[in-house]
Amino acid sequence: MKAVRGKAFNGQRIVLDNKSFTECHFKDSTLIIEGTGLFEMQNCKIEEDCRLAVEGPGQVLLHQLKMMLYSGGWMSRVADNVLHAVKQPPKARKKAAPAA
């Protein structure tokens with residue numbers, strides 16, 4: 001995961017996937033989730049004028065989930081269970097042990 005620390009983004013398009021943002025400032029920017037990897041944000045400030053977009057594989061997944069949700073029956077129940085799981089707080093990630 002690429003570390004990005006203390007950077008200010010203004011009027012930019014930023015792909016979040018596979019990056020760890022620490023103490024960054026986002027203003028008038030589009031934050032992109034492509035769904036190709038995880039991302040982290042710690043102590044970042046995101047201004048109200050920012051936008052979030054989901055593209056690529058992430059967009060396909062959201063569309064499929066929406067279709068399942070409104071299909072009725074078994075698929076709808078599966079989609080409900082997925083959404084319920086998404087609403088649960090994330091589990092803390094284990095830190096890698098220091099190399100000896």
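Helix 1 and helix 2 (residues 73-86) pack at about 125 degrees, and their axes lie 7 Å apart. Axes are lines fitted to C-alpha atoms, for helices over the stretch in contact, with angles from 0 to 180 degrees between N-to-C directions. The two helices are therefore oblique to each other (under 35 degrees is roughly parallel, over 145 roughly antiparallel, 65 to 115 roughly perpendicular, the rest oblique). The model is predicted: local features need pLDDT of at least 70 and side-chain atom pairs pLDDT 80 or more, while totals for chains, interfaces and linings use all residues. Residues are numbered from 1 along each chain, and side-chain values use heavy atoms, without hydrogens and water.

Helices (H or I, at least four residues) and strands (E, at least two) are DSSP runs, numbered from the N terminus.

An open sheet is formed by 3 strands in the order 1-4-7, with parallel pairing. Strand 1 (2-5) and strand 7 (40-42) are its edges, each pairing on one side only. The twist averages 15 degrees from one strand to the next. Strand 4 (residues 19-22) is joined to strand 7 by 3 bridges (pairing requires at least two DSSP bridges). Serine 20 stands opposite glutamate 40 in strand 7.
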